[in-house]
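Dear colleague,

I am handing over the structure below, and I would be glad if you read the notes that follow it with the model open beside you.

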There are 2 protein chains.
Amino acid sequence: MAHEPIAISRRPLHDDLVEQLRNLIVRGVLAPGAKVQEQALCDQFQVSRTPLREALRSLATEGLVTLTPRRGATIAKVTRQDLEEAFPILGALEALAGELACANLTEAQIAEARRLQAELVASHERGDLAAYSAANAATHQLILTAADNPTLSGFLKTLDGRVRRARYMVNISGVRWAAAVAEHALILQALEARDGKRLGEILKLHIANKLEALVTQLESAEEEAKKAS
Amino acid sequence: MAHEPIAISRRPLHDDLVEQLRNLIVRGVLAPGAKVQEQALCDQFQVSRTPLREALRSLATEGLVTLTPRRGATIAKVTRQDLEEAFPILGALEALAGELACANLTEAQIAEARRLQAELVASHERGDLAAYSAANAATHQLILTAADNPTLSGFLKTLDGRVRRARYMVNISGVRWAAAVAEHALILQALEARDGKRLGEILKLHIANKLEALVTQLESAEEEAKKAS
DNA sequence: CCAATGAATTTTGTATACAAAATACTTTAG
DNA sequence: CTAAAGTATTTTGTATACAAAATTCATTGG
């Protein structure tokens, strides 16, 4: 019997471009609303227009880039409306991930979650935002892995890309940070109890709180910007 | 004060291609697993490879096409695993749509939902599957419209595209059809009561039942295929 | 006759070319 | 000097070109 051929191959330029551009967009290097200068990017990345344009197409489907016919590409804006639309979806999907995860969680994974929670608390106490973010991301990743649903992971990744940009625009407030740490303790509890329903609800709430904090911060940031102009 | 420029423009070839190809894929004309012959499609649509390849990229991001580097594109397969991954997501998102919709529903929309439900029952009674499907789609669309969340609509559209193909592969069973009609009656009740929580749960169940029926049908279809070979 | 090797062909990824549209820049009439 | 009209430049969408890789086909040795 013949084996399925396993195709291992170097990535096309295109895929590299998507990743690099996504990074630039998510981190805000390419500012929301900015016009995308094809030629400039081509020069910068030393590629021709063909793969660059394909990359822009992909990013447009992801929602990070806006394509206007005959008028080129712009970096998608992060409006309050976008966030308010995205976060309920994020909440529903994270909740689903939580429920699915509870059905599969191994003891080892729960132990890992405990370790991450300790790290979360520790990094918060010493004000190390980078370490906190890493532990935070790892926790969510752990849930996703346990959920064992690649399609769901894909959708969450797309959504996350869209909203993560907003977080790069504002700094988390001290109050919100403390609250987030407390919420993560609840998340761990639910994980330990393998209580999918509760975990789902906590995650949904967690996300909703994130949104509220983010929108508040963005609003005041906008006020600042207005005053300056 | 300057107005925001409103860019109305004819669509690029690319967008037409995406739509046409999506249709061909969803309806099964381009069979799951089939290799995509770029040249053949170029000839058929009378376009060059550039816009066609861009279209394939978009469809790949949507999950309808699988791109393997240096080995070209194939129509994505519809595996049982894909469906089992997609349906819980569909359920969670439809539930969310239902909850959001209940917060906004107008009397006119509820009246429209009643009309659609009557049509649903009628078309079922006379065995008119096309009319039933239309009324069914209209109901879901009504909920989406009321939910008033374009981002959510977009995600649901993508997911729906992926699973709709499976429905073209099997015919709905008489039993499942009757059950679906009954479930739609419950949906209407929840809409009338504007009971978002309940609507969400019903929709989630409705989707879960759909999956079960679909998987069962697919399995037996596969059995048939095996026997034939 | 079959498996393995190598040449011919097709397919794929990327670059370039070119026409049509949009934008920027002049020029000129008021 | 300003505003409109017309011209030049850039940008965009699509087609074509071309090299590298993959596939197919033929050939040869076992």
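B:Ser58 sits in helix 3 of chain B, where helices are DSSP runs of H or I with at least four residues, numbered from the N terminus. This is a predicted model, in which local features need pLDDT of at least 70 and side-chain atom pairs count only at pLDDT 80 or more, whereas totals for chains, interfaces and linings use all residues. Residues are numbered from 1 along each chain as its sequence is written, while chains are lettered from A and ligands numbered from 1 in the order in which they are written.

B:Ser58 counts as buried because it has 21 C-beta neighbours inside 10 Å, the cut-off being 20 or more other C-beta atoms within 10 Å of its own, with C-beta atoms placed from the backbone. Apart from neighbours within four places in sequence, B:Ser58 is in contact (C-beta atoms within 7 Å) with A:Arg57, A:Thr61 and B:Val18.

As for the two copies, a rotation of 180° with 0.0 Å of shift along its axis superposes chain B on chain A with an RMSD of 0.0 Å, by least squares on the C-alpha atoms of residues with pLDDT of at least 70 in both. The copies are thus related as by a two-fold rotation axis.

Conventions
Helices (H or I, at least four residues) and strands (E, at least two) are DSSP runs, numbered from the N terminus. A residue is buried if 20 or more other C-beta atoms lie within 10 Å of its own, exposed if 12 or fewer, and partly exposed in between; C-beta atoms are placed from the backbone. Two residues are in contact if their C-beta atoms, placed from the backbone, lie within 7 Å.
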